[in-house]
Amino acid sequence: MPVEHLNDRILLKHPKGSSAEILLYGASVISWKSGSISNPAPQERLFVSGKSALDGSKAVRGGIPVVFPCFGAPSHPDHAKLSQHGFARSEKWNFGVVVMDNDAGVSVRLTLLPNEGIKEKFEQPFQLDYVVTLAEHQLSTDLHVKNTGLSTAGPINFQALFHNYILAPANEVLVTPLQGVSYHDKVAAADKVETRAAVDVRSFTDSVYENAPGKYQVTWPGGGVEVRTQHLKDVVVWNPQKEAGSKIGDMEEGGWEKYVCVEPGYVRGFVSLATGETWTGGQVITVTDGLTSKV
Ligand SMILES: O=P(O)(O)OC[C@H]1O[C@H](O)[C@H](O)[C@@H](O)[C@@H]1O
């Protein structure tokens, strides 16, 4: 069965051997196993902390949490009652439909509508549809945000981000091309312009790049992924290293050495979406073996 719907999760299996696991809680992708062109044996590509809750009691520490409608601490008046990174990562989503199931890919849609708990904290009318597509060497995620309000209602304002925890030797990882891009360095609490040809995370890094190129290479000796995005103008590069990682309750010991977060999003400013309209942000993550595509 290419798509299996279990009690708390959905399993995707591609005929060429790749697989993915999506928790209904948070619509969090918690596993993506894929081979590459030079090494077809499927390997895990995402980091999930061994201390992470997976039972719906807390957002997953790893995989791909969905950040909506605010990134970080809320900074918009409509988000004032929300906690860090909003509610999408800690609500139970509904399994919708199998969108596609063929050799090109296996694809499912999950949906989140306002429930009573959400309405208490966020009054805006919305529908979220999240489509996860598994291909032979690729995982794609697309978030569709619809303003379901009446025509007399105002726009909804939001931020959105895919919080990718990419399994990688953190101290050897390089992220490109960010040279010349303006960013907010959350560690130094300063606005800067990136001077490095390749960004590493060997020290505690929490950088929010604004109007970034939209296509990123994440490489390390012998491996890599490419992250290609659509309508996600910003990207966050985060690794807490021991300095901050050891203070994260659900982070396994040394977990910060095993991943880099490269998080495409719309997080500087807000998307303002009129009634009846739909906004879509998407990403395609491809296993590259560290070889950069020319396209
Ligand atoms: O601990 P969390 O709420 O999951 O956030 C984890 C991290 O997410 C993003 O990368 C932010 O830029 C960081 O500032 C934050 O520490």
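UniProt positions are given in the numbering used here, and annotations may be inferred rather than shown by experiment. The views below are all taken from a predicted model.

**View 1. The overall fold of the protein.** The protein contains two helices and 21 strands. Along the principal axes, its C-alpha atoms occupy a box of roughly 55 × 50 × 40 Å. The radius of gyration is 18 Å, which agrees with the value near 19 Å that a compact globule of 295 residues would have. Of these 295 residues, 42% are buried. Among contacts with a separation of 6 or more, 65% join residues 24 or more positions apart.

**View 2. The two residues annotated "active site".** The unreviewed UniProt entry gives this annotation to H163 and E263. They are spread over 101 residues of sequence, yet they cluster in space, with a largest C-alpha distance of 4.8 Å. H163 sits in the loop between β11 (156-162) and β12 (165-167), while E263 belongs to strand β20. H163 counts as buried because it has 23 C-beta neighbours inside 10 Å. E263 also counts as buried, because 26 C-beta neighbours lie inside 10 Å, the threshold being 20 or more.

**View 3. Contacts made by H163 and E263.** Residues up to four places away in sequence are left out for H163, which touches I64, P65, V67, C261 and E263. With the exclusion of residues up to four places away in sequence, the contacts of E263 are L161, F162, H163, N164, V235, V236 and W238.

**View 4. The shell around the ligand.** G72, Q84, H85, K186, D206, V236, W238, C261 and E263 surround the ligand. Two or more residues of this shell come from each of β19 (234-239) and β20 (259-273). Sorted by class, the shell holds three nonpolar, three polar and three charged residues. E263 of the shell is one of the residues that UniProt annotates as "active site" in an unreviewed entry.

**View 5. The residues annotated "binding site".** According to the unreviewed UniProt entry, this feature is at R61, Q84 and R89. Although the positions are spread over 29 residues of sequence, they cluster in space, and the largest C-alpha distance is 13.7 Å. R61 lies in the loop between β5 (43-44) and β6 (66-67), and Q84 lies in the loop between β6 and β7 (94-101). R61 is buried, because 22 other C-beta atoms lie within 10 Å. Q84 has 12 C-beta neighbours inside 10 Å and therefore counts as exposed. Not counting residues up to four places away in sequence, R61 touches S49, S52, D250 and M251. Leaving aside neighbours within four places in sequence, Q84 is in contact with G72 and A73; Q84 and G72 are also among the residues surrounding the ligand.

**View 6. The largest nonpolar core.** This core has 74 residues, and those with the most contacts inside it are I166, V175, V218, V237, V260 and V262. Strand β20 gives the most to the core, with seven residues. Once neighbours within four places in sequence are set aside, V260 is in contact with I166, A168, A170, V173, V175, V201, V218 and N239.

Notes
Residues are numbered from 1 along each chain as its sequence is written. This is a predicted model: local features need pLDDT of at least 70, side-chain atom pairs count only at pLDDT 80 or more; totals for chains, interfaces and linings use all residues. A residue is near a molecule or strand if its C-beta atom, placed from the backbone, lies within 6 Å of it. Helices (H or I, at least four residues) and strands (E, at least two) are DSSP runs, numbered from the N terminus. Ala, Val, Leu, Ile, Met, Phe, Trp, Tyr, Cys and Pro count as nonpolar, Asp, Glu, Lys and Arg as charged, and the others, Gly among them, as polar. The radius of gyration is taken over C-alpha atoms; the globule rule is 2.2 Å times the number of residues to the power 0.38. Two residues are in contact if their C-beta atoms, placed from the backbone, lie within 7 Å. A nonpolar core is a set of buried Ala, Val, Leu, Ile, Met, Phe, Trp, Tyr and Cys residues joined through C-beta atoms within 7 Å.
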